[in-house]
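Hi,

Here is the structure for you to look over. My notes follow below it.

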Amino acid sequence: MCSSDLLWPRPILDFLQSRLDETALLQAVRAERDDRRRREILCEALFYTGENYLAAHRVAEARRYFQATVDLHIYDFIEHYLAKVELAR
């Protein structure tokens, strides 16, 4: 995979289409050098990983990812609020 393939949000799209595993998604998050931006993309990655677990009927794992999303306190991203909704269900 070349570096241009890792431009965000490509890793999330590849993860959701099962072309990238969770470890590779985490590596893409870690590759971001800017701390604030890394936290923002981590928020997205955690939420969509939680959605992936939820779709696989692995509710306990999904809830952990949604809670981790909320715990980042990234209020500018819709994923924060969507994770709160998922946790309220």
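**Loops and backbone**

His 73 is partly exposed, because its relative accessible area of 45% falls between the 20% and 50% cut-offs. Please keep in mind that this is a predicted model. His 73 sits in the loop that joins H4 and H5. Its phi is near 60 degrees, which is positive although the residue is not glycine.

His 57 is exposed: the relative accessible area is 71%, and the cut-off for exposed is over 50%.

One peptide bond deserves a check too. Trp 8 to Pro 9 is cis, and omega is near 10 degrees. Pro 9 belongs to the segment before helix H1, which covers 10-16.

**Helix packing**

Two packed helices are described by the angle between their axes and the distance between the axes. Here the pair is H2, residues 22-30, and H3, residues 35-55. The angle is about 165 degrees and the axes are 9 Å apart. An angle over 145 degrees counts as roughly antiparallel, so H2 is roughly antiparallel to H3. The crossing of H2 past H3 is right-handed.

Within H3, look at Ala 45. Is Ala 45 buried or exposed? Ala 45 is buried, since its relative accessible area is 5% and the cut-off is under 20%. Its C-alpha atom is 8.8 Å from that of Pro 11. Along the chain, Ala 45 and Pro 11 are 34 residues apart.

**Surface patch**

Which residues form the nonpolar patch on the surface? They are Tyr 75, Ile 78, Tyr 81 and Leu 82. Together they have about 400 Å² of accessible area. Ile 78 is part of helix H5, which spans residues 78-88. Ile 78 is exposed, because its relative accessible area of 52% is over the 50% cut-off.

**To look at in the viewer**

- The cis bond from Trp 8 to Pro 9.
- H2 and H3, with their right-handed crossing.
- The nonpolar surface patch that includes Ile 78.

Best wishes

Definitions and conventions:
Residues numbered from 1 in each chain as written. Predicted model: local features only at pLDDT ≥ 70, side-chain atom pairs only at ≥ 80, totals over all residues. Heavy atoms only, no water. Patch = residues over 30% accessible without salt bridge, like charges linked within 9 Å, V, L, I, M, F, W, Y side chains within 5 Å. Areas by Shrake-Rupley, 256 points an atom, 1.4 Å probe, with all protein chains shown as cover. Salt bridge = Lys/Arg side-chain N within 4 Å of Asp/Glu carboxyl O. Helix = DSSP H or I, 4+ residues; strand = E, 2+ residues; numbered from the N terminus. Buried < 20%, exposed > 50% of the residue type's maximum accessible area, 1.4 Å probe, protein only. Axes fitted to C-alpha atoms, helices over the stretch in contact; angles between N-to-C directions. Parallel < 35°, antiparallel > 145°, perpendicular 65-115°, else oblique. Left-handed = near helix turned anticlockwise from the far one by under 90°.
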